[in-house]
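Please read this briefing alongside the sequence and the 3D view. It starts with the terms and the overall picture, then goes through selected parts.

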Amino acid sequence: MSTIARELGISFGTSPTGPLNAITDVSGVAIGHRTIRSGDLNTGVSAVLPHGGNMYRNKVLAACDVINGFGKSTGLMQVDELGSIETPILLTNTFGVGTCANALIRAAILENPDIGRETSTVNPVVMECNDGHLSDIQALAVTEDDARAALATAASGPVAEGNVGAGTGMSCFGFKGGIGTASRRIELAGSAHHVGVLVLTNFGRAGDLVLPDGRRPDPRSRREAEKGSVIVILATDIAMEHRQLKRVVRRCGAGLARLGAYWGHGSGDIALGFSTARTFDHDERADFVSISALNENRIDRLFRAAAEATEEAVVNSMCAAEVMHGRAGHVRPSLADWLREQG
């Protein structure tokens, strides 16, 4: 169970967590990482699989919210237009987006040889943050093999956090950032459902971080303009329509704001969500299909879950991350070390 920040005395909100307090509390979701650390290279790839089947043939409902659009992600325009995802989601550094997109395209064609010939093309979804402060981003180190390795290692269960995968070289509020996760459990119609979040944190101005208990950790680093990014991936097993899911995804921004982020001019802050409640058949032949939708009198529960899980996932990403000495002698301290020093 992801209790990293909680073990350091930080509590978050009022909603109960899922068993793992991770995005993988949503059944079928799997996470994989490929970490690259060599000399001035501190980078990698992280993979999010909504289910273990053929994503192109069996798409999931999806929606995105661009909080601040200073980013170089790919695939979001079609997600917003059609309301579905048809590939796994890859996270990486800014200059690795095209390479990871090619890896997703090749994998989809291998599994579906009719793509681009007898049927439509495929929409790869890749999202990014700039890890250039701690890693030599100009080296273009991420390869298609790295992307495939992240996909191949994807598994359900506990999620590795901190300096792993795409989070290897990331920074957050002047501290070391990275990968973090959290979840919330919601009772609906007599059954337990989950909202899970995974974040890639590379945002926030040093000195602006506000913990839930009011403390303001100071990494004692130079105050620079906020020019990083954060990617939030939200997963749920709750049935919704696209419009409802987009409303829920938008509330991830509330979790970021609680921590002191104001989504600066140079920050690419994006939330992407999907529901595994049902899949959509690429080869559907019926003229009409039935969908289930949430009673909107219950949607506030999901809004709270999205905000709380995002807030906790961000802090987990920093508490799990170890101090890093990176490119050009740059250093990012660990939030966990700061908390321990405070007693």
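Helices (H or I, at least four residues) and strands (E, at least two) are DSSP runs, numbered from the N terminus. By that rule, Thr-153 is found in the loop between helix H4 (144-152) and S7. This is a predicted model, in which local features need pLDDT of at least 70, side-chain atom pairs count only at pLDDT 80 or more, and totals for chains, interfaces and linings use all residues. Residues are numbered from 1 along each chain as its sequence is written, and side-chain values use heavy atoms, with hydrogens and water left out.

**Overall picture**

- The protein chain has eight helices and 14 strands.
- The radius of gyration, taken over C-alpha atoms, is compared with a globule rule of 2.2 Å times the number of residues to the power 0.38.
- For 343 residues, a compact globule would have a radius of gyration near 20 Å, and the 19 Å of the protein chain agrees with that.
- Along the principal axes, the C-alpha atoms of the protein chain fill a box of roughly 60 × 45 × 35 Å.
- Buried means under 20% relative accessible area, exposed over 50%, and partly exposed in between (1.4 Å probe, protein chains only).
- Of the 343 residues of the protein chain, 58% are buried.
- A contact means heavy atoms within 4.5 Å.
- Among contacts in the protein chain between residues at least 6 apart in sequence, 79% join residues at least 24 apart.

**The six-stranded sheet**

- Two strands pair if DSSP finds at least two bridges between them.
- Six strands make an open sheet with mixed pairing, in the order S4-S3-S12-S11-S10-S9.
- Strand S4 (84-85) and S9 are the edge strands, each pairing on one side only.
- S9 (residues 178-188) is mostly covered, with nine of its eleven residues buried.
- S10 is also mostly covered, with ten of its twelve residues buried.

- Eleven bridges pair S9 with strand S10 (residues 191-202) in the antiparallel sense.
- Two residues separate S9 and S10 in a hairpin, and Ala-189 in the turn has a positive phi of about 55°.
- Ile-179 has Leu-200 in S10 as its bridge partner, and Arg-184 stands opposite Val-195 in S10.
- S10 and S11 run antiparallel and are joined by eight bridges.
- Val-195 has Thr-236 in S11 as its bridge partner, while Gly-196 has Ala-235 in S11.

**Helix H5**

- In helix H5 (residues 242-250), the buried residues are Gln-244, Leu-245, Lys-246, Val-248 and Val-249.
- An α-helix has 3.6 residues a turn, so residues three or four places apart point the same way.
- The cover over the buried residues of H5 includes strand S3 (58-69), helix H2 (76-82), strand S11 (229-236), helix H6 (252-258), strand S12 (268-281) and helix H7 (299-320).

**Positive phi in two loops**

- Most residues other than glycine have a negative phi, and most peptide bonds are trans.
- Phe-173, in the loop between strand S7 (171-172) and strand S8 (175-176), has a positive phi near 55°.
- Phe-173 is buried, with a relative accessible area of 0%.
- Ala-328, in the loop between strand S13 (324-325) and strand S14 (331-332), has a positive phi of about 60°.
- Ala-328 is exposed, with a relative accessible area of 56%.

**Thr-153**

- Thr-153 counts as partly exposed, at 44% relative accessibility.
- Not counting residues up to four places away in sequence, Thr-153 touches Ile-31, Gly-32 and His-33.
- Thr-153 and Asp-213 are 60 residues apart along the chain, and their C-alpha atoms are separated by 37 Å.
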